[in-house]
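Dear colleague,

I am handing over the structure that we spoke about, and below it you will find some notes on what turned up. Please read them with the model open beside you.

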Amino acid sequence: MSEPSKAQLLNLYFWGFSIRLIFLKSSSLADALGSRVEISTPITSWKKAIEGVNLWKQGTNPYDSDIFHESPLGLVTYDFLLTHAPQWLPVIFAICDIVTATALSFVAKLYLNNCVKKEQSEKVPESAESVLLKPTNIAWVPFYVAAVYLLCPYSIVSCGGKSTVTFQNMLLSVFLLFTVSSKWFLASVALAVLSCHSFYHITLLVPLSMHVYQTASCDQKKTLKIIKLLATIVTCLAAVVTLMLTFHKITGSWHFVWCTYGCILSVPDLTPNIGLFWYFFTEMFEHFRVFFLCTFQLNVFVYTTPLAVRLRKEPIFFLFIHLIIITIFKSYPCIGDVAFYLSLLPIWSHLFHFMRQRFIVCCVLASCTLLAPTLWHLWIYSGSANANFYFAITLAFNTGQVFLLTDILSAYIKREYYLEKGVKYNEDGSLVLMRLQ
């Protein structure tokens with residue numbers, strides 16, 4: 001199977017850029033999208049970013065109010081953009097998505113090429129050779145990854161609504177590129193910057209460290225591998241400390257810590273979103289709030305250790321799985337987060353054959369995407385529904401994401417079993433699929 005031509009790539013990037021620019025150039029459409037709760041949250045709202053910058057310019061600390069909840073790095077970046085290039089903002093947002101798609105396509109290419117080399121060097125049963133990755137099977141995957149991100153409605157409307165998750169996704173894609181390229185120092189610094197923006201991502205230090213250790217040269221002694229592993233962790237933590245001290249110097253106080261990370265942890269703003277927190281804590285009795293906050297927040301971190309043990313041979317796949325977990329269980333998720341991990345799915349297209357709930361997941365996500373704006377209108381504008389209706393659709397949406405997560409995990413385990421034990425076929429030549437009990 002031949003690779004995509006340059007004309008096809010240019011055509012893809014042209015339409016991805018043009019569609020975003022059309023949305024961004026229409027101020028009424030951009031404002032309408034920016035006000036959608038599925039697109040903009042208290043953390044990623046461009047309107048709040050503008051208000052924070054205006055307070056900063058007037059000499060008022062934006063972290064003394066309940067308006068701006070992003071890191072001082074975001075504040076400085078938005079201040080620079082609004083001061084020096086306000087007329088170029090639509091182009092900048094669109095270019096950021098182009099950069100993200102390009103970085104992700106390179107991630108797919110590098111990772112899959114390494115997987116092909118790794119699997120070809122391993123001995124597998126003769127019956128399992130059909131399951132192995134081949135260069136012809138992965139030729140178009142980088143193109144599909146870029147296509148999914150550029151043409152996914154979730155990423156288009158996120159960019160069109162000027163959600164600041166656009167910048168976060170770009171930074172996350174750069175981190176992934178440095179990781180699969182085995183550039184551990186740059187990956188550690190990128191992860192530190194990402195973690196200072198959203199501390200949930202500090203958990204990605206685990207798969208990064210695993211990948212650094214496993215990709216170290218075979219000629220190196222175990223002691224050198226451990227030193228490289230420790231250097232990765234120390235570099236990331238040192239970069240985090242340096243950034244925090246820099247933020248303190250920029251803002252002149254430590255108020256930003258509570259206004260950013262404290263806001264993410266304590267969830268004071270219960271504006272509806274596609275997450276699980278807002279409705280639950282609206283109904284929560286105050287004296288139970290701290291206990292359930294800890295319980296909810298632990299979901300992002302509690303799965304790290306067992307998944308690291310089970311997926312120790314595939315740290316990049318572990319990283320992907322953890323991105324889905326972060327998206328599901330973070331306190332202020334948006335559909336831009338969903339678009340990012342969905343664009344990575346084609347990298348593991350060789351697992352699709354072993355998945356059993358693909359149709360159900362697609363139907364759930366599609367129906368919830370269409371019904372959410374409808375139920376929001378019925379609740380807020382028509383008054384013919386209530387918060388239960390909208391929460392039901394967000395709960396169904398997150399259930400669909402959980403189904404996707406468990407399905408692709410079980411598919412990975414099945415394929416791993418086939419590569420180790422061999423493949424059995426039915427009389428009609430179809431593959432005998434395992435059922436995990």
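Asn114 is partly exposed, with a relative accessible area of 41%, where partly exposed covers the range between buried (under 20% relative accessible area) and exposed (over 50%), computed with a 1.4 Å probe on protein chains only. Asn114 lies in helix α5, residues 89-121, helices being DSSP runs of H or I with at least four residues, numbered from the N terminus. Its C-alpha atom is separated by 9.1 Å from that of Val180, which is 66 residues apart from Asn114 along the chain.

Please keep in mind that this is a predicted model, in which local features need pLDDT of at least 70 and side-chain atom pairs count only at pLDDT 80 or more, while totals for chains, interfaces and linings use all residues. Residues are numbered from 1 along each chain as its sequence is written, and side-chain values use heavy atoms, leaving out hydrogens and water.

Glu70 is found in the loop between α3 (46-57) and α4 (72-84).

In helix α19, the buried residues are Val361, Leu365, Cys368, Ala372, Leu375 and Trp376. Just after α19, Gly383 takes a positive phi of about 75°.

Best wishes

Technical notes
Helix = DSSP H or I, 4+ residues; strand = E, 2+ residues; numbered from the N terminus.
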